[in-house]
2 protein chains.
Amino acid sequence: MYYIGVDLGGTNIAAGLFNESGQFIDKNSIPTQSRREAAEILKDLAFLCKGIIEKNKLDLKEVDSIGIGSPGFCDSDNTVVVYSNNLNFHNVNIKEHINRYIDLPVFLDNDANCAAYGENLYGACAGAQHSITVTLGTGIGGGIISNGKIVRGKSGSGGEIGHTTLVFGGEMCTCGRSGCWEAYASATALIRDIKIAAIKNPTSMTYKEIDNDFNKVDAKFAFDMAEMGDPIAQKIVDDYIVYVSEGLANIINIFDPEIVAIGGGVANRGEKIMAPIRELTAKNCFGGILSTKVVTAKLGNDAGIIGAAFLSKL
Amino acid sequence: MYYIGVDLGGTNIAAGLFNESGQFIDKNSIPTQSRREAAEILKDLAFLCKGIIEKNKLDLKEVDSIGIGSPGFCDSDNTVVVYSNNLNFHNVNIKEHINRYIDLPVFLDNDANCAAYGENLYGACAGAQHSITVTLGTGIGGGIISNGKIVRGKSGSGGEIGHTTLVFGGEMCTCGRSGCWEAYASATALIRDIKIAAIKNPTSMTYKEIDNDFNKVDAKFAFDMAEMGDPIAQKIVDDYIVYVSEGLANIINIFDPEIVAIGGGVANRGEKIMAPIRELTAKNCFGGILSTKVVTAKLGNDAGIIGAAFLSKL
């Protein structure tokens, strides 16, 4: 049996064909052109899948299902994207649209949950009954597997671990609340904090390196300046690691998972960042012992497609 | 078929007999005398269960199992109490001990999880696939049901929602960390805060009412003083409600449960406390809409026995 997984992104629609053991057999992608109507986008998506099936000379009977990872808020039980800002979808029944063109079972979940499930099946968390994948990017993306199931909650909005208060009365978050973990441990927060530190310290190496071109400041820049020896940048990176670790200890205390996988650019800085995160997380875990593995996510952007492909197995 | 549930407490061992539909048929309890060896305590527990079975003229074949709710850290898979401070148990295999005296399947989970499961089966959260029971007492006890299963995690220490940082760098918690939800939203925290407020305001009604007898200060006292019109106490109660609500919004954002049930003395103050908690929790939920019901727990101290009785059904 074969499985198709689709990452329905704001920029591209990427589809992958997998065999029973999770091996990539083929993949293809097309631009989303996300300003179009849902019907047009999903017609393209269906034909993308059809094309892969035909190219690989498969009979429909050999394909188990099409699984879709979508941004936004998804009602998996009814295969409905309730709302997606990136796609301008409102209550779109994905299955209905796709079944107009291709007669296969269709499964749906949001992209963060698919990525977590992918890592749980074939990535950094393979084999775990309880695992969490945290992506530290523009925001904090979270997907939780507990007792072998995705924690979707009653209406699919479970897993919003980034939107939990860490610093009571702290920085405003994009969600409208203040002090969320995301407002301190996302790459966006790191970028904000290094910019502020530079402005406050106009004689610092970091300020000079920025040279008034604040567009060049990204998370990598912050880490690079710390590594180049600017104590101002080092302080910001140290604080950032504390914030990341505090939030990790929180979710570990709640879920007691076997593994937490961290994705996004931050984790890719390697052990220089991961080692202190692990140490501080351990210090803050209940009992002070970190029996949960904290590792770097393995599958990168493919995690979502792989997870989506095997949604039928849940 | 009949079910036996046991609440193995530090003070008493309480056992209940239930029929298939969760109705209490009989109950009995004995003092734990917790300074004794595990073997002695569990022998008494086994005979307590045996007594109930014999009194109700049941054949062993008519009894499904004995389920035990224990304080401390439990390895449910192996029916081992790994560690319990209240009982002085270390790696005690509950099943082995009980099976010396009575040949029935034995199930184990910690008391907070059993209470949450009890509320989920026959209490305030009946019928929910996703529910959380929070007990605001000396600490914050939490039990989580997600996808119909208890969130135990890999080693049974899941559900420690009280030990998640809410106030970064804040008050010390009993767990050794600072700023935990428990350090702000437990009854203990409320008592600490009303005492401090009184000391800081020696002309206040609250300070006068205490009259240097700080032993009389409990959570009820704080609520009573606020209701009697002391602005000092009202401020403390208002702040307390904010802390409770912030933490509730955090767990709702993570789990998207159908229902959160609140137990302990605080919830029993009724709508005067519950209504503002609901309002503030809504404000802090992702999207600002509270689609999760926030209610008072129903089963009180019986929740744990009922949940324990039906552990075999998980």
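A residue counts as buried if 20 or more other C-beta atoms lie within 10 Å of its own, as exposed if 12 or fewer do, and as partly exposed in between, with C-beta atoms placed from the backbone. This is a predicted model: local features need pLDDT of at least 70, side-chain atom pairs count only at pLDDT 80 or more, and totals for chains, interfaces and linings use all residues. Residues are numbered from 1 along each chain as its sequence is written, while chains are lettered from A and ligands numbered from 1 in the order in which they are written.

Start with one helix. Helices (H or I, at least four residues) and strands (E, at least two) are DSSP runs, numbered from the N terminus. Helix H7 of chain B spans residues 219–227. Its buried residues are Ala219(B), Ala222(B), Phe223(B), Met225(B) and Ala226(B). Seen down the axis of H7(B), these buried residues fall within an arc of 160°, so they line one face of the helix. The arc is that of the directions from the helix axis to the C-beta atoms. An α-helix has 3.6 residues a turn, so residues three or four places apart point the same way.

What covers that face? The cover of the buried residues of H7(B) includes helix H5 (187–200), helix H6 (205–210) and helix H8 (231–255) of chain B. Just after H7(B), Gly229(B) takes a positive phi of about 105°.

Val237(B) sits in helix H8 of chain B. It is buried, with 25 other C-beta atoms within 10 Å. Two residues are in contact if their C-beta atoms, placed from the backbone, lie within 7 Å. Leaving aside neighbours within four places in sequence, Val237(B) is in contact with Ala222(B), Phe223(B) and Ala226(B). Val237(B) and Phe223(B) are 14 residues apart in sequence, and their C-alpha atoms are 6.7 Å apart in space.

Now take a whole chain. Chain A has ten helices and 13 strands. Its radius of gyration is 21 Å, close to the 20 Å that the globule rule gives for 314 residues, so chain A is as compact as a globular protein of that length. The radius is taken over C-alpha atoms, and the rule is 2.2 Å times the number of residues to the power 0.38. Of the 314 residues of chain A, 53% count as buried.

Chain A has an assignment of domain 1 (2–120 + 302–313) and domain 2 (127–296). Such bounds come from an automatic or database domain assignment. The centres of domain 1 and domain 2 of chain A, taken over C-alpha atoms, are 29 Å apart. Their contact takes 13 residues from domain 1 of chain A and 17 residues from domain 2 of chain A. On the domain 1 side, H3(A) gives the largest share, seven residues.

Finally, the pair. The contact takes 34 residues from chain A and 34 residues from chain B. Helix H8 (residues 231–255) of chain A gives the largest share of the chain A side, five residues. Chain A can be laid on chain B with an RMSD of 0.0 Å by a turn of 180° and a shift of 0.0 Å along the axis. That is the relation of a two-fold axis. The superposition is by least squares on the C-alpha atoms of residues with pLDDT of at least 70 in both copies. The same surface serves both copies: 100% of the contact residues of chain A recur in chain B.
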